[in-house]
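Have the model open as you read.

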Amino acid sequence: MPRVFLQLTTTHLNDMSKGRSGSRPEQHTDSETGHVIGLQGMYEDYFLDYASYVILERAVPAIEDGLKPVQRRILHAMFEQDDGRFHKVANIIGNTMQYHPHGDAAIGDALVNMGQRDLLIDCQGNWGDVRTGDSAAASRYIEGRLTKFALDVVFNPQTTNWQFSYDGRKKEPVTLPAKFPLVLAQGVEGIAVGLSTKILPHNFIEILKASIQILQGKKVKIYPDFPTGGSIDVADYNSGARGGKVKVRAKIEVLDKSTLAVRDLPYAVTTGSLIESIVKANDKGKIKVKKVTDNTAELVEILIELAPGVSPDVTVDALYAFTDCEVSISPNACVIVQDKPIFTTVENILEISTNNTRELLRRELEIKKHELEEKWHFASLEKIFIEKRIYHAIEECESWEEVVATIYRELARYVATPSDPPKTKADTRLVLLRDITDDDIGRLTEIRIKRISKYNVFKADELIQQIEAELQQVKHDLEHITDYAIAYFQRLLDKYGKGRERRTVITTFDAIQATEVVANNAKLYVNRTEGFIGYGLKKDEFVTDCSDIDDIIVFRRDGKFLVSRISEKVFVGKDLIHVAVWKKNDERTTYNMAYLDGKSGRSFVKRFNVTAITRDREYDLTQGNPNSKLLYFSANPNGEAEIVIVTLAPSSKAKIKVFDYDFGELEIKGRGSQGNILSKYPVKKVVLKEAGKSTLGAQKVWIDEVSGKLNTDSRGRLLGEFDTGDQLLLTYKDGAYEVADIDLNRRFDPEEILHLGKFDPETVISAVHYDGNKGWTMVKRFRVETKSTGERFSYLSEHKDSKLLYASVKPAPRIEYSVKIKGKKIQGEVDLADFIDVKGWRAVGNKLSDQKLSSVKEIAEPEEVVAPPSEELPEKLHAGDSIEFDMGKNGQGTLF
């Protein structure tokens, strides 16, 4: 902390308190500089000093090692204590307090947080659980030590820059020489003064692979990966920079029609907070849940029991919409670079860290090169000193100066130095890498007689050759430092990558409209005469079940309509003729109406949709003239067009006073259109004659094979065009089939479905299955005969060993199969349509083999080759005539 700020918090605050009692100080003298500082200047500077301190010394990590100061000091203290054994966390905290000028609680929390990341600290004891939110045991009961990974990549005293600790008694690292982007692997979150940082954790393996790609000159993209698993939508990640966001979801499985199971959690969400959010949503009526049970142990499992009659698929979407099963996280990558906070991207952080690692590796190699050169230098001197018996020359010397001079003189006969290079080519002296110093002479004189007597020249030459080989390798690595750095990252990947595969699935989430999945937790009532709607009018007419976030559309007799959010009681205008729940962007619901224009006296008809509105604004469906009114109105959910009977006034001059009108002949236009003239004569009444069919035609439906949901937005694989009454056919890998209605809220699991498409009653299902009762492989073909919708029917026997091997809805599938009989592999082909006729769905079928098949594979239908017109071919082939031979697909020729 800046020294001047400390003075403000002690001496100066005391002065300020005295000032309140009468003697207000107007200046302060700095005890170190003696300069007089005015109060106004102090107030101007202190906040900036404090803000700078919090940013640089507490909240934001440094780019060099990716650590906050408290994390760096914890690791440094652990490295000082490291002896390979576990240490009490209380002792680690106490040792860290020599470097960190804050309380033990802050240090303990930071230490536990790092331990839970499972990267730098080996934990022993109860360190808490990020999944459940359970806190760690007291520091005196738990132990920790540095991991082998931390010892490998974080520490090197030789390449560390040091500074004095806060009290000047110790030295601590300015930053640790980390050769790995710790901030990206661990993630970080901090709130400073005027800014904050939030970097999400990323996958260990992907970081290393991306670092290698950066060194290879390639562009990279990395995305978050969380220890809690789940799934993530990174469409708006924006490389972790400000303004981006990610959506993270829990993994929810449908166990049966009344039970859901949460297996993975979103990042930073605990089982307790998730259950609490589910209970709150249930209490508010957003979802209908009967019971929530937390079975989390080694793995996360939260069982959700649904209320009777509630769709599990709709509830899954509702859980994502109204609970913490889906959370949105806004990253904000901010790091300290050259003592300044910068906002950047995770890819830029990775690139800086990768280049920093390469530079650290260069420095380590240069240090090693220097050490090897020194080792070679002294080994060479020692060999000459002993082998040439120079020590005999100093036996008669009477002073230390004479000894030093003698050794210098004798060595000069055998070695050359940069200051005394060889004079001629005939000079065969050994060339040293540097000049000889007095320290070298001192070391030579300290060689013991025992070593001289046992000196082995052969071993000495081997040592020098080994040093030279190592030195040559180091020089090679320095010349190819990028390749050396790539190999370093690859070694980390091979050594520490196992078990660190991605846990969070990257996918794309469907946008969930809350109004489509919210449970019906309210009832809509209407008082048509008085013009009130709401869920509090329980004595009036019931309209429909709805939710408390639905929008309600109302049409009045005067030809006006509006949309309003449901509430307990709201006035929408008298003389209501239609009240319903309104869905935004609904292009299927079509309104048919006939109205009288109050000015011209003519009657008009029109058809329109209401897809978008401004809430609580009145819209006029007539031409806006006084005395206009509706003669007929209908709301049609699938664009139906009915036939009505139009009765004119008896006093009208029209010859035909009663006639039919078909709305199907009228085009759907905008709600503001005038419409077509129904009659220029006065109309007495318009009544329904016959309900009509949809005029919108069949609707195209796609299946999004990522989310498993149907849609009409052209996402995924097209299933076909579906009209009223059309259904889906599903075949499952477990040997069951299902006929289902089109439900855009239902979620299909691609992992368990073999076929999903439009249902045709004439479709034949061909199946190859193993019958556990008989122990045979059977073939059966059948049509769907069951009438129930939305229910699975298994066409296999109930034996536990019965298994589906192959199924298809193609008209005539051909398969290739193999079976092992007495260790011998036998293969065969069969056309299933020729092998067996279509029978009932309960039939076992015909035997294909009395063994269980080893493999079954469908034979792809050959592509049809279209022959050229016959007149292009000669009637007869003669010697010398040429023909065209098309090799076709897979090299199979076809003669034209």
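Predicted model: local features only at pLDDT ≥ 70, side-chain atom pairs only at ≥ 80, totals over all residues.

## The second largest pocket

Residues are numbered from 1 along each chain as its sequence is written, and side-chain values use heavy atoms, with hydrogens and water left out.

The second largest pocket holds about 1400 Å³ of space. Of its 42 lining residues, V254, D313, R747, F748 and D749 lie nearest the centre. β12 (251-256) gives the most to this lining, with 6 residues, while α10 (312-322), β21 (505-507) and β42 (736-741) are among the elements that each supply at least two. Helices (H or I, at least four residues) and strands (E, at least two) are DSSP runs, numbered from the N terminus.

A pocket here is an open set of points on a 1 Å grid over the protein atoms alone, with protein on both sides within 12 Å along at least five of seven lines; a cavity is a set where a 1.4 Å probe fits but cannot get out, and lining residues have an atom within 4 Å of a point. Grid points are joined across faces, edges and corners, and a volume is the space filled by probe spheres set on the points.

## Two cavities

How many cavities of 30 Å³ or more does a search of the whole structure find? It finds 2. The largest has about 40 Å³ of space, and M78, Q81, D82, H87, I92, G144, R145 and L146 line it.

## Rings and charges

There are 25 aromatic pairs in the whole structure (rings of Phe, Tyr and Trp, its six-membered ring, with centres within 6.5 Å; planes under 30 degrees apart count as stacked, over 60 as edge-to-face and the rest as tilted). F79 and F155 count as stacked because their ring centres are 4.3 Å apart and their planes at 5°. This pair links distant parts of the chain, with F79 in helix α3 (residues 69-81) and F155 in the loop between α6 (148-153) and β6 (161-164), 76 residues apart. F155 is buried at 9% relative accessible area, whereas F79 is partly exposed at 30% (buried is under 20%, exposed over 50%, partly exposed in between, with a 1.4 Å probe and protein chains only).

Two arginines have their charged ends over tyrosine rings: R249 over Y320, 4.3 Å from the ring centre, and R792 over Y732, at 3.6 Å. The test is NZ of Lys or CZ of Arg within 6 Å of the ring centre and within 35 degrees of the ring normal.

## Strands around R249

R249 belongs to β11, where it stands opposite S231. Strand β10 (residues 231-233) and β11 (residues 246-249) pair in the antiparallel sense over 3 bridges; pairing takes at least two bridges found by DSSP. β11 also pairs with strand β16 (residues 326-329), antiparallel over 4 bridges, and there K247 has S328 as its bridge partner.
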